[in-house]
Amino acid sequence: MPETALKQQLAERFREVNGDHRMTDADDAYVSAQFISLDELCAVHGRDSDAVRRLMLGQCLPLPGYLRSDGAEMVPADLFALADEAGGVDLLEIWFTAHWADPVTGKAEWNAYLSGQYVCLRSVTPAAIQRKDHLTTMISAATGEADAGSAAWAGRLHALIDELDALEPAFTAYDRLRFGGPTSRDTCIAAMRARFPRP
């Protein structure tokens, strides 16, 4: 089946945002297990794939999270959930940004959401974004606390790590290429658990 012009445009836009990194077989397997192709999701919801691609290119819906090596645009299964909750795609930006008291922060988070790069969350919602930010900040700052190293401190630290672990998926090697280094799972979960083993 030949690619539509919109599909080609969306692939180009994806590479502008993420760089042009090759997906390995392991990357493809991970993405296929965690995400659904845009065409499949649209078929399930009775939506036109090209109409959704136009919304993505028009910065009304987020870009795909991944482009599988066969060209499939891979998206979360709940891609349309936030727009539905907001009352429609036209209302999504206002609804989304209103979750931040500071309009500048809200707009920055909206732009980050549109990039499709919130593959760091199992479910991308304003509440989950805010909680992830809070947890990574708290975990990163934990070593500077007055009682660092104590049993009580270790208990607090591992509670934060466990909560972040529940929010974040495993990631794949492709993510470390496009983000230019380790992921928050690497630094705030795996590294912290290795450095400070659970008591």
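1. Overall burial. Buried residues make up 43% of the 199 residues in the protein chain. Buried here means under 20% relative accessible area, exposed means over 50%, and partly exposed lies in between, with a 1.4 Å probe and protein chains only. This is a predicted model, in which local features need pLDDT of at least 70 and side-chain atom pairs count only at pLDDT 80 or more, while totals for chains, interfaces and linings use all residues. Residues are numbered from 1 along each chain as its sequence is written, and side-chain values use heavy atoms, with hydrogens and water left out.

2. Architecture. The chain has 11 helices and 3 strands. Both are DSSP runs numbered from the N terminus: helices are H or I with at least four residues, strands are E with at least two. Along the sequence the pattern reads α-α-β-α-α-β-β-α-α-α-α-α-α-α. The C-alpha trace spans about 60 × 40 × 30 Å along its principal axes. Of the contacts with a separation of 6 or more, 69% are between residues 24 or more positions apart. A contact means heavy atoms within 4.5 Å.

3. The 3 strands form an open sheet in the order 1-3-2, with antiparallel pairing. Strand 1 (36–37) and strand 2 (66–67) are the edge strands, each pairing on one side only. Two strands pair if DSSP finds at least two bridges between them. Strand 1 and strand 3 (residues 73–75) are joined by 2 bridges in the antiparallel sense. Isoleucine 36 has valine 75 of strand 3 as its bridge partner.

4. Largest pocket. This pocket holds about 350 Å³ of space. Its lining comprises 24 residues, and the closest to its centre are Phe35, Pro76, Asp78, Leu121 and Val124. A pocket is an open set of points on a 1 Å grid over the protein atoms alone, where a 1.4 Å probe fits, with protein on both sides within 12 Å along at least five of seven lines; lining residues have an atom within 4 Å of a point. Grid points are joined across faces, edges and corners, and the volume is the space filled by probe spheres set on the points. By class, the lining has 16 nonpolar, 6 polar and 2 charged residues. Here Ala, Val, Leu, Ile, Met, Phe, Trp, Tyr, Cys and Pro count as nonpolar, Asp, Glu, Lys and Arg as charged, and the others, Gly among them, as polar.

5. Second largest pocket. About 160 Å³ of space lies here. The lining residues include Ala112, Gln117, Tyr118, Lys132, Phe171 and Ser184. The class count is 6 nonpolar, 4 polar and 1 charged.

6. Phenylalanine 171. This lining residue of the second largest pocket sits in the loop between helix 9 and helix 10 (173–178). Phenylalanine 171 has a positive phi of about 70° although it is not a glycine. At 7% relative accessibility, phenylalanine 171 is buried. Glutamine 34 belongs to helix 2 (residues 25–34) and is partly exposed at 41% relative accessibility.

7. Glutamine 59. Glutamine 59 is in the loop between helix 4 (49–57) and strand 2. Its relative accessibility is 47%, so it counts as partly exposed.

8. Asparagine 18. This residue lies in helix 1 (residues 5–18). Asparagine 18 is buried, with a relative accessible area of 3%. Neighbours within four places in sequence aside, asparagine 18 is in contact with Gln117, Tyr174 and Arg178. Gln117 also lines the second largest pocket.

9. Helix 11. In helix 11 (residues 184–195) the buried residues are Ser184, Arg185, Cys188, Ile189 and Met192. Seen down the helix axis they fall within an arc of 125°, so they line one face. The arc is taken from the directions from the helix axis to the C-beta atoms. The face turned away from the buried side carries the exposed residues Ala194 and Arg195. Cover for the buried residues includes helix 8 (126–141) and helix 9 (151–167).

10. After helix 11. Phenylalanine 196 is found in the segment after helix 11. Neighbours within four places in sequence aside, phenylalanine 196 is in contact with Thr143, Trp153, Leu157 and His158. The C-alpha atoms of phenylalanine 196 and glycine 149 are 8.4 Å apart, at a distance of 47 residues along the chain.
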